[in-house]
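Good morning, and thank you for the time.

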Amino acid sequence: FQNQPNPFESSTTIGFQLPQGGAATLTVYDLAGKEVKRIEGEYAKGYNELTLTKSELRVSGVLYYQLESGDFTATKKMIVIE
């Protein structure tokens, strides 16, 4: 799902639905494609959420995040404002 709120100043939540429990990786990239943050974990079947803060990303502006789980990959855009 799209992160909420977007754009954000302090923190944002990314929700995702898994058809079955298992490993998932969320990777955040800047516009140049440089990896800014990676979160790997085991998640339950159904709806899950991750919260990102501006302080852990340490950048502002337009970013992309990609969620990978099994054969599934989704990429969305988010905006961090000053």
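**Contacts, core and sheet**

Please look at methionine 78 in this predicted model. Apart from neighbours within four places in sequence, methionine 78 is in contact with Asn3, Asn6, Phe8, Thr12, Val28, Leu52, Leu57, Gly61, Val62, Leu63 and Tyr65.

Which residues touch the most other members of the largest nonpolar core? That core has 18 residues, and the ones in question are Leu26, Val28, Leu52, Leu57 and Met78. Two or more core residues come from each of E1, E2, E3, strand E4 (46-53), strand E5 (61-69) and E6. As a general point, nonpolar side chains in soluble globular proteins tend to be buried together.

One of the contacts of methionine 78 is Thr12, and I shall turn to that residue now. Threonine 12 belongs to strand E1, residues 11-18. Is threonine 12 buried or exposed? Its relative accessibility is 1%, and because buried means under 20%, threonine 12 counts as buried. A polar atom of the threonine 12 side chain lies 2.9 Å from the backbone oxygen of proline 5. Beyond four places in sequence, the contacts of threonine 12 include Leu50, Thr51 and Leu52, as well as Met78.

Finally, the sheet. Four strands form an open sheet in the order E3-E2-E5-E6, paired antiparallel. Strand E3 (35-43) and strand E6 (72-80) are the edge strands, each pairing on one side only. On average, neighbouring strands of this sheet are turned by 15° against each other, direction ignored. Strand E2, residues 22-29, runs antiparallel to E3 and is joined to E3 by eight bridges; in one of these strands, E3, glutamate 35 is the bridge partner of tyrosine 29.

Key: Residues are numbered from 1 along each chain as its sequence is written. This is a predicted model: local features need pLDDT of at least 70, side-chain atom pairs count only at pLDDT 80 or more; totals for chains, interfaces and linings use all residues. Side-chain values use heavy atoms; hydrogens and water are left out. Two strands pair if DSSP finds at least two bridges between them. Axes are lines fitted to C-alpha atoms, for helices over the stretch in contact, and angles run from 0 to 180 degrees between N-to-C directions. Buried means under 20% relative accessible area, exposed over 50%, partly exposed in between (1.4 Å probe, protein chains only). A polar contact is a pair of N or O atoms within 3.5 Å; within protein, one must be able to donate a hydrogen and the other to accept it, and residues adjacent in sequence count only if both atoms are side-chain atoms. Contact means heavy atoms within 4.5 Å. A nonpolar core is a set of buried Ala, Val, Leu, Ile, Met, Phe, Trp, Tyr and Cys residues joined through side-chain atoms within 4.5 Å.
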